[in-house]
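Dear colleague,

I am passing on the structure that we talked about, and below it you will find my notes on what turned up when I went through it. Please read them with the coordinates open beside you.

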Amino acid sequence: QVQLVESGGGLVQPGGSLRLSCAASGSIRSIYSMGWYRQAPGKQRELVAHITSGGNTNYADSVKGRFTISRDNAKNTVYLQMNSLKPEDTAVYYCNIVPSRYELGHWGQGTQVTVSS
């Protein structure tokens, strides 16, 4: 049984920063890739950032230069540093961890990020 616990969301002003964390625990044996997704009201869930076991990263065009995904393999944790936040970044952010290329990912519970004055 794998559990993903997210933290770090909250309310920030435009231009502010937040750092999201997602820690995996339980029966997980390996991590193939990790990603952050977000879903705003009335919109589809979209990929925000992704990092592979080899350290390769990619980002949605809307967050490039502002967000940074990183990982701590020893802690089975993925982070999302979000800088220069904009109101359009407001969404529920979900982490996803894929144990191997042959398995479906596990989802975190989601954490709310609200960017507003």
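The side chains of K64 and D61 come together in a salt bridge, with N and O 3.1 Å apart. K64 is partly exposed, at a relative accessible area of 49%, whereas D61 reaches 64% and counts as exposed, because the limit for that class is over 50%. Please keep in mind throughout that this is a predicted model. By the rule applied here, the salt bridges come to four, and the pair of K64 and D61 is one of them.

A second salt bridge joins D89 to R66, where the closest N and O atoms are 2.7 Å apart. D89 sits in the loop between strand 8 (77-82) and strand 9, while R66 belongs to the loop between strand 6 (57-59) and strand 7 (67-72), so the pair ties together parts that lie 23 residues apart in sequence. Both D89 and R66 are buried. Salt bridges with shared partners join R66 and D89 with R38 and E46 into one network. Within that group, the side chains of R38 and E46 meet at 2.8 Å, N to O; R38 is buried, with a relative accessible area of 6%, whereas E46 is partly exposed, at 34%.

In general terms, a disulfide is a covalent bond between the sulfur atoms of two cysteines. The structure holds one disulfide, and this bond joins C22 to C95, with an S to S distance of 1.9 Å. Its partners come from distant parts of the chain, since C22 is in strand 3 (residues 18-26) and C95 is in strand 9 (residues 91-98), 73 residues apart. The link of C22 and C95 is right-handed, with 50 degrees about the S-S bond. Is C22 buried or exposed? C22 counts as buried, because its relative accessibility is 0% and the class covers values under 20%. C95 is likewise buried, with a relative accessible area of 0%.

Strand 1 and strand 3 pair in the antiparallel sense over six bridges, and L4 stands opposite A24 in strand 3.

N76, in the loop between strand 7 and strand 8, has a phi near 50 degrees, and N76 is partly exposed, with a relative accessible area of 22%. S84, for its part, is found in the loop between strand 8 and strand 9; its phi is also near 50 degrees, and S84 is partly exposed, at 40%.

Finally, a word on the end of the chain that follows strand 11 (111-115). S117 lies in the segment after that strand, and S117 counts as exposed, at 86% relative accessibility. The C-alpha atoms of S117 and Q3 are separated by 34 Å, the two residues being 114 apart along the chain.

Definitions and conventions: Residues are numbered from 1 along each chain as its sequence is written. This is a predicted model: local features need pLDDT of at least 70, side-chain atom pairs count only at pLDDT 80 or more; totals for chains, interfaces and linings use all residues. Side-chain values use heavy atoms; hydrogens and water are left out. A disulfide is a pair of cysteine sulfur atoms within 2.5 Å. Helices (H or I, at least four residues) and strands (E, at least two) are DSSP runs, numbered from the N terminus. Buried means under 20% relative accessible area, exposed over 50%, partly exposed in between (1.4 Å probe, protein chains only). Two strands pair if DSSP finds at least two bridges between them.
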